[in-house]
Amino acid sequence: MITIFMQLINVDVFVGFIGAWQFEDTFYIEHIAISSSLRGQGYGKRVLDAFCTKHSKVVLEIDPVVDEISSKRLRFYQQCGFVTHEILHYHPSYHPDREPHELVVLSYPEQLSKQSYQVFKNCLNNQVMNFAYL
């Protein structure tokens, strides 16, 4: 397991960051953030394009599509080359007293195989979430 933390800077201006984990040949983006003052200027797409070019198999999760904001988020990732999985997926809770919550799994450049999804799910549950409770 390798934890990747990319801080994104453009001409001395903090653009954002990506926090990711490596599970075998798959990279899991746990968090991506672009400075609110720079959103809508193409930084998010450029950042994801660069990340996906460097790491050829990428997975991330988003909230289920229930409104315009979540619909726009899904379209953004699809425009970046991510595909949606029709797998019923629950992310473990970050708080021991709360239930896991449903999320949508997206991957780049194609859907994960069942075996790759299981590796991702096992690593998420047994590695990422072990750090969440520290």
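A salt bridge here is a side-chain nitrogen of Lys or Arg within 4 Å of a carboxyl oxygen of Asp or Glu, and a search of the whole structure finds three of them. Please keep in mind that this is a predicted model, in which local features need pLDDT of at least 70 and side-chain atom pairs count only at pLDDT 80 or more, while totals for chains, interfaces and linings use all residues. Residues are numbered from 1 along each chain as its sequence is written, and side-chain values use heavy atoms, with hydrogens and water left out.

**Overall layout**

- The protein has three helices and seven strands; these are DSSP runs numbered from the N terminus, with helices being H or I over at least four residues and strands being E over at least two.
- Along the sequence, the elements come in the order β-β-β-α-β-α-β-β-β-α.
- Of the 134 residues, 40% count as buried, where buried means under 20% relative accessible area, exposed means over 50%, and partly exposed lies in between (1.4 Å probe, protein chains only).
- Taking the contacts (heavy atoms within 4.5 Å) with a separation of 6 or more, 56% join residues 24 or more positions apart.

- G16 has I34 in β3 as its bridge partner.
- The hairpin of β2 and β3 has two residues between the strands, and there E24 takes a positive phi near 55°.
- On to β4 (residues 58–62): this strand pairs with β3 in the parallel sense over three bridges, and Y28 has V59 in β4 as its bridge partner.

**The salt bridges**

- D25 and K57 meet through their side chains, at 3.5 Å from N to O. D25 sits in the loop between β2 and β3 and K57 in the loop between α1 and β4, so this pair ties together parts that are 32 residues apart in sequence.
- Both ends of that pair are partly exposed, D25 with a relative accessible area of 46% and K57 with 22%.
- K45 forms a salt bridge with D49, and their closest N and O atoms are 3.2 Å apart. Both residues lie in helix α1, four residues apart, about one turn of the helix.
- K45 is partly exposed at 36% relative accessible area, and D49 is partly exposed at 31%.
- R75 and E68 meet in a salt bridge of 3.1 Å, N to O, with R75 partly exposed at 37% relative accessible area.

**S107 and H85**

- S107 lies in strand β7 (residues 101–108) and counts as buried because its relative accessibility is 0%.
- H85, found in the loop between β5 (83–84) and β6 (89–91), is also buried, with a relative accessible area of 5%.
- The side chains of S107 and H85 are joined by a polar contact of 2.7 Å. Such a contact is a pair of N or O atoms within 3.5 Å; within protein, one must be able to donate a hydrogen and the other to accept it, and residues adjacent in sequence count only if both atoms are side-chain atoms.
- The side chain of S107 also reaches the backbone oxygen of E110, at 2.6 Å.
- H85 has a side-chain polar atom 3.2 Å from the backbone nitrogen of L112.
- Not counting residues up to four places away in sequence, S107 touches V58, V59, G81, F82, V83, H85 and L112.
- With neighbours within four places left aside, H85 is in contact with V105, L106, S107, Q111 and L112.
- The C-alpha atoms of H85 and Q111 are separated by 6.5 Å, although these residues are 26 apart along the chain.

How values were computed: Two strands pair if DSSP finds at least two bridges between them.
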